Each structure stands twice: as structure tokens, then as C-alpha cells.
Amino acid sequence: MSTSEVAQCLTATLNPDPNVRISAELKLAEWFTRPEVGLALSQLLLAQDADMSLRQISSIALRKYVRERWSPYFSGFKGSAPNVQTKDQIRDAVFHGLSDPNRKIRTLCAHTLSAIGNCDWPDEYPDLLKNLIGLISSNSPDAVHGALQVFTEFIKSDLTEDQILPVLRELLPVLLTILSSHQSHSAPTRSRSVSVFRQCITALFMVKDQHPQAVKEATAQVLPVWLEAFKVLLHQDPSSDVSNGNWDGLTVRIQIFKTLETLHTSFPRALTPFMPDLLAASLNHLRVLYPTFSTYYLSATESPPSTSEDEPVELPQLLSPIIDFLAATIRGGKARDWLGPENLSTLVTSVFAYADTWANNANVFVAQEEDETQSYSIRVAGFDLLASLIERAATQTVTSFQSTIQQVIVASEQARASGDAEWWRPLEASLAAIGSQAESVLDCIDDEQETGRTKPIDIESLLANIIPPILNTPESPFLQGRAFVFASQYSRLLPLQLAGQYLDAAVRVLEASDASVPVKVSAVKAIHNFSNGGDDAAIIPFAPRIAQDLGPFILVASEDTLTLILETLAVVLEVDQGKWLTSELASSLTTASLEVWTKNNKDPIFISILSDILTNLAASQNGGVYQSVVKQALPSLATAIGSAKKQESWVASSGIELASSLVSGAPESGLGDGFFQVLGPNLFTCLSNAEDRDVLQNGISCLTLVIRKDINQLMSWTDPTGRGGLDWVLTLIAKMLESEDESGGLQIGDLIIHLLRRAGESVLPVLPQLLQAMVTRMTSAKTATFLQSLVIPFAFLINNQPETVLALLESTNINGRSALDILIQTWCENAETFQGFWPSRISTLALTKLFVAGRPSLQNLMVKGDLIVRPETKNTIMTRSKTKSTPHEFTSITFPVKALKIIVHDVQSGGDAATISAAQTSNFEIDSDDGDEEWTEEEKAHQGFKADEFAFLSDMLGPKGMAFDNDEILDDNDDEDLKNDPVSQIDMQAHLQGFLKDCASQNVNNFGQVVDQLSAEEMLVVRSIVNPSG
């Protein structure tokens, strides 16, 4: 085919007639199977006399051709790859296009060559790198522009650790020359040189550990020169880049500040000599650029201009990296000397000013208030900077808050008096800024007052004098809404009467038909904050009205606003344990919640909140509410669970989760008559056919709750064929044990444990088969959680009936192995990874029972012992490949020795050996580049913490504090039944120490000989307990 034929076909693909266009696209796709089409496209790409639209579409088609026909390297490869000679010609043509006079062609060629380079370099295209460096070293601005676009991707993805250093030695000097040649190269091109430099820095950091000396030398030679250039460029007046209708110059500054942040993360020590100048330049940029920011982004009287390359450049793209750099530097302690009163005050004032951005969409407005959902913006970056300032200089920063907010209040009053319609905006921004740091500000106030000093900020005055009038400014809805949120953020400082007045105002806004959406949303947010952290006494009088008012909102709100309303309802329902609820109100809220579920049953966030709401409704302490909620919700949920299609598993999964929430909220007296008669048939039908992981896991969790709350309902229920609930549960357990999917590990274990605890006698007839199935599954189980689920039920049984269970295990044979052997081997290998407070305890207690059992089957059983450390693996990081060639080896020891090792480890974990003490901490002097030399004397004395922070950690972790593995503190996942179990109540340390003393005094099962086989450290622990005075 000729080039002209390809050109005609390409032109036809742009034809408005769909028949002509589709025919041409089909023909082009057919031609892609012929290598010469790629060559024709590359020739059209370079044809200077061709129409620009044809050249552009040729380039786009060529890139598609590369993706589909070049090499199997590409995921979209369809075969018919061109031969080596054709590839060479295409590569040469595309490379030549990097120097094309037309900028768009250069950019398109850069994208195509990057794709080819990803695939072919270095094996099939060894000259690429050398040619690209040659191109950017030329005096041609066009060639430099094209080549830099390739380098931006190339450094990021293609260089190996061995190639990076040699390449950078050639590349970095050239890049610096380009950056410095403002007369020869445009600002966007120069900015790309900085962008490529930043990729180089990242690449150097990635190989820092493999080539420490080479990287150290390279950074010592290169970074000071670049940083000096950055310093010079940043000290040029930034207003000159925004005053001539062309914002090209901002592109260079944007890339410089992004690079400074990268350097601060990777090579912070290099920044130290330049830090005062860089910080001063950063603050100057914030100060000088604010009028431009106000014009284009606050007043919005004009649209920001594009760059000379017709690409948008936004001022926030520069301001956010500046603020991020300042925040990171201050947080790292490197701005200590620079951060004097004047600079700190200017920073706070700048953040308050730049925070003057707000959203006119309710969902965005809500999202801006949530730490979890905040999208990146100048406001978010500014609040992060304030947090860094408070972290480093709390009192000075909060004092600056006071002076700044007073200035803003005076200026706002003057602007309002002069008729300025935008008077409210600086005040809203300032309140948002102070509110964003509420927790830290409150802590600072407490600290200052405890030491007898004056409060650094008078929040009470704001709450009493400034905020109340703002609540009556409906003409400024965002300020009015901010006032509600601000008051709730500092609710701890409000007297009960004043808190009640604020809540009353918020409720009246909810009930007002003429209140704007932002104000209503803010009122909801305020109620949420008051309910979450305020005094219940202030909220109780309003709780019924709030719940009544939120109900209708639930049915009309969407996205983030709906999430906020539901979360608020959930926390309001917790107030005073819901004693204020009536059956009618609970019923209407249940109906509204189910409607939300019906519309959003695939959204896990909504399901989680709705579960909390139904649990809180069901848990109300007002008589009759639970029955009303169940009557309203359970039939609908049960029907949905039973009728959900297999391909719509989320309906069943979420329905079961909501049904479980009703069980969770049920009173101690039980689920109420007929509960399981409604739920059971649908639940078991669903679970018997289910294959979806979430459905099965939620179903198991639901049944576990039913067993815990009211097992009699399960035991007394039968289906129409006479099959009982227990039989259905055992069938489900068998199904889960046979499944290869082990993701429901802990859930199935919890079900078995509670079944054994609650229905022990009823399970006895089938216990041998159940235990045999569990031991059989141990031989193929892989995950730690699933193995724990299989072992812990045995630990529970052995702790209560050791002889019966051991006899059963000894008499059971599974594929030629004793069931006892399988259980003990599995147990010993996994005991120290068991999760949860109760499971860990029951495991250890059961091991003590096994240790004293004295059965020959246990005394002679050999298990895996300690890791054997050989000279060739000592002090070596064992990668997967090394582990394959030199697999781990373990000693072989008897079960009593292993059991005693595990028991001794538990004794150690609960005592001083597992805690941290400052007196035991060694000091290491390591030459690093993390900037640790910037610690203050106070921080050096306390391992990088301030004195009060270190004191807190010492209290938590010190010799008399909390051990790392104190599960009672750290693990809140154990359910109430297990927390109240006698196993959870005993003094474990005293019990284990008593056990060791008894074994020693009576020499149980040759205890002394067993101790002699422990490690030296383990023997010391035992002897210190058995003979503390020895």
C-alpha cells in the first residue's frame, strides 16, 4: 500500500458520515496486520507539506499501532509484529519528530517514543539514551522540548539501579544548563528540566542503599549547584510571572517547590545550608501572590490565563506545594531558628487568608469538613501547615491565632459597615482555620492554665460574643453554617446553658423551611459534634426533636450529605441509651433507614452506618421500642435475604448484616418471640446456596450472635421437614470446612466456640464427627486465622475436659496419622500467632493442662523447635530466592519442651521483658541523611520526643506500664461473652507463675529435665520465678 492510500484512509476516519467513517476504521484495522502501514504512518507524521490534522491523526494511529502490533510486551498485542528493519525505520522517524517545528507533533512523538522505549530499550534500542542526551544537549529549543518530554517518563520507569548513576552524570549538567537558559528556552521547557531532575532525585534515593557511597558523592557534587540555582530563581519577584498576561513563569516555580519537597523527603541534609533562604522565599511567595489569588480565585473577576503551550496553569498548583514544603520543613524541625514571632505570625495570617475558599455544593461542603474525605486543596494544605506550627510551637501559634482572628473581626465589621457583600469570607476562613485545630488548641489552653499562665486564646469570648450574632445572618449562609460548626468543635468550653442555646438554634435551623442548604448541613454537623463529644445532659432535651427532624432529611439527601445525616442520627440515638425514643419515632426511623438501604445496598459505608442505627434503635432502653423496630425491619430483611438472586449477592450480604444489627441490639432477655421463626428459614436457605464470601461470612457472624443472645430460639426451631436449627448450623460448619476459601477463618472459629459454650450437651452426639472434620481440615489449611479457628475450639474443650478429648483424639486416625499428632503439630507451630485476648489465653491454659496430663502419647511426641541459625545465613536478609536455595531448618524437640517454651514466652510477654524502658535503651550513632541532627537537646534526651510526650510513652510502656502485648488494652475485638468469661478474668501472670512453681516443687513429668532443654534465656525466666531469691 502507498502512503497516499493510508492518508486517504486516515482522512476518511474523520468523515462526519458514519458509514464512511466506520468503513475507513475497519480498513485501517485490517491494514494494521501489515508492517508497511506503520512505516507509512511514520512518514506521514513527518510530512511537512501535509495538513496538520492528517499529521496529528497519523501520530495517534501510529501510537495505536505500536500498542497493538509492535511486541508481545504490550498487553494489547494482537500479533503481526514488524521486522527489525521496519522497526528501525519507524524508530528513527519518531525520534526525528521530537525536533519537529510543531509543538503538538513533538508532544505526540514523545508519547509514542516513550512507549517504544519502554519495550525496546536497551536490548533492541541501545542508542536511545545516548541519542536523547545528544538531543537535549543541542542548541535547538524544539529538540530540547521534545526530548525532555520523553525523559520525564524514561527516568521514572526504565532505568535500572546500575544504569541510573552513569546516566545522571551525563544528564544532570545538561538539565541545569537548560534551566539556566531562560533566553534560549521557554519557561515550560525549563520547568520540564526541573521535573526530570526531580525524577532523577527519586531514582537516586531508590538506589541509595545499593550504592551508598556513589550516591553520597553524586548528591554532594550535584545538589548544592541545583539548590543554588533554585535559590536564585525563587528570589526573583514572583509577581513578574503573573503580571504580563502570561503565567508561563509559574511552571518553573511549581516544579521547583515540588522538587524541594522531594529533596526534603529523600536528602534533607542537603537542604540545610539553603533552608533560611528557601523558607524566606516561600513566605515571600505567599505574601506577594495573594492579591493575584484574590483577583482570580476569590473575587473571580477574571479567568486565569493559560501557558504558551495552551495548557492551563493554576495558581493553587504553586501555592499548595509551597505550603506543603513549609509544613514538612516545620514538622521536621528544620525551621526552628527561622520560625521567629514575625515569620510565625505572617504564616498564620497567610493561611487564614488563603483558607478563604468555600464550596457552593452541599456534598462538597460536607466533604471539606471530613478528615477522611477531604480532597486536596489550598485550604487543606494550609490547615496541615497550622498543625505543623502547633506541633512545633503550640503557645506561640495559638497566641497568633488570637491576634489574627481579632484583626479579621475588626476588618470584617468595617467591610460590612461599608457595604462590602464579601465581608463575611475572611471571617469564615479564620473560624474554619481555628476550628480545624480545635483539639490541639484545647490541649494548649489546658497546658497553659495548668502551669498558671494566661490562656493564649479566648475561645469563650468568641463563643459568647462573636458567634451568636453570626447565627442570625441568613444572608451569609456559609458564615452562618461555619458558626454552628465552630461552636460544636469547642463545645467542651461551653457552659451547659449556652450549649443548650446553641443546640436549640441548630434544631430551629433544621425545622426552618427557609434556611439554606449550607446552614442546614452545618447545623447537622454541629449536632453531630455536640452528640459525639458534648455533655449528654445538654443534648437529652433536644434528642427527640433532632431525631424527628433528621428522619425526612434521610429520604432526600444524597452522597456526603446523606452520610453526615446518618452518622449524626447514629450518635444521637446513643444519647442516654435511647431512653427518650418512642415506638412511633423508632418505627419511622427504621422505615427511613430501610429505604436508604434499598437504594444503597451496594455501598459498604452506608451499610455500616445503617447497622449502627438499627443496633442503637433496637438497644433503646425504653420499653416496647425493640419490638417495634423488629416488627418493622425483620420481615423485610428476611424476605430480601431469602429471595436475593445469586448474581446480586450484595443484597443478601447487606440484609444479613442489618439483621445482625437487630440481634446485637436485642435485650439480655433474648430476641423476643418468633424472631428466629422469621429469620431462620430465609437465612438458612440463603446460606445453603451461597457461594459469595461476604454472604457466608456475614451469615456465620449472624448465627454466632443468635447463639450468644438466644440459643434456645435456634435449638427449638425446625423447618417444615422437621430438621432442626442445630443441624442446619452443623451443615454450614461442614460446608465451610470443606471449602478451599479460608477468608472466613475467625468467623467460623467464633461460631464453633460459642456453639460449644452455649450448646455443649446438645452437640455431644455429633462432637466426634465435628472434631474429626476439623482435624482433617488442619492438614490442608494455609492461613493463620483459619488454623486458629480450628485449634482454639480444641483448646476450649481440653481446658474443660482434657481426658475425654485426648482419648478421642488418640483413637482417631486420619490418613495414617493420629488426630492428636496433627492437632499438636498444628497448635505448636501457630500458638504464638493467635489473635485476640481470650483465644490466646485459652490456648495457653490448655497447654498447661496438656503439660501435666502425663500421657505417653504427648510425652513422646516430637514437634518443630527453634530455628537453626547457620554461619551462611547469620546476619543475612533471607529473600525468597535465598530461602529456596537455603531453606529454614528447625530443631526437633518433644511436645513438653515446646509447650513449656510457649508458656514461658507468655510469662515474659506479660512482664518487664516485653516493655520499653529509657534506662534499657542503647544509643546508636548512625550516619544517616534523615536530618536527625536537627533534634533539640530536649528531643535528643528523649529519643526524638519532647519531655511530656516521652513521659506519656514511659507511663504507657515503661516497667510499670502497659506491655506491648497487653491484649486487654490493645484488642477490642473480643465479644462481651468472652470478656466476661472466667478465662478473661483470671490474673494470668499469677496463674502461670503458680503453675511453674507447682511443676517445679512436684517435678511434674520430669519438669527439671524439661527445663534443662530450654534456651539460656528461658531457663533464667523459669528459675527467677521458681527460685526468686536464688
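Does Asn-815 count as buried or exposed, and what is its relative accessibility?

## A first look

At 72% relative accessibility, Asn-815 counts as exposed; that word is used for over 50% relative accessible area, buried for under 20%, and partly exposed for anything in between (1.4 Å probe, protein chains only). The model is predicted, so local features need pLDDT of at least 70 and side-chain atom pairs pLDDT 80 or more, while totals for chains, interfaces and linings use all residues. Residues are numbered from 1 along each chain as its sequence is written, and side-chain values use heavy atoms, without hydrogens or water.

The protein has 1030 residues, of which 51% count as buried. Its secondary structure comes to 53 helices and four strands; these are DSSP runs numbered from the N terminus, with helices (H or I) of at least four residues and strands (E) of at least two.

## Two helices side by side

Now look at helix 27 (residues 543–556) and helix 28 (residues 559–572), which pack at an angle of about 155° with their axes 10 Å apart. Axes here are lines fitted to C-alpha atoms, for helices over the stretch in contact, and angles run from 0 to 180 degrees between N-to-C directions.

The residues of the contact divide into eleven nonpolar, one polar and no charged. Nonpolar covers Ala, Val, Leu, Ile, Met, Phe, Trp, Tyr, Cys and Pro, charged covers Asp, Glu, Lys and Arg, and the others, Gly among them, are polar.

## A buried glutamine

Gln-825 sits in helix 41 (residues 819–830), and it counts as buried because its relative accessibility is 19%. A polar atom of its side chain lies 2.6 Å from the backbone oxygen of Met-862. Leaving aside residues up to four places away in sequence, Gln-825 touches Arg-817, Leu-861, Met-862, Val-863 and Lys-864.

Most residues other than glycine have a negative phi, and most peptide bonds are trans. Asn-815, in the loop between strand 1 (813–814) and strand 2 (817–818), has a positive phi of about 50°. Asn-1003 has a positive phi of about 45° and, at 39% relative accessibility, counts as partly exposed.

The peptide bond from Trp-121 to Pro-122 is cis, with omega near 0°. You can find Pro-122 in the loop between helix 6 (103–120) and helix 7 (128–136).

How values were computed: A polar contact is a pair of N or O atoms within 3.5 Å; within protein, one must be able to donate a hydrogen and the other to accept it, and residues adjacent in sequence count only if both atoms are side-chain atoms. Contact means heavy atoms within 4.5 Å.
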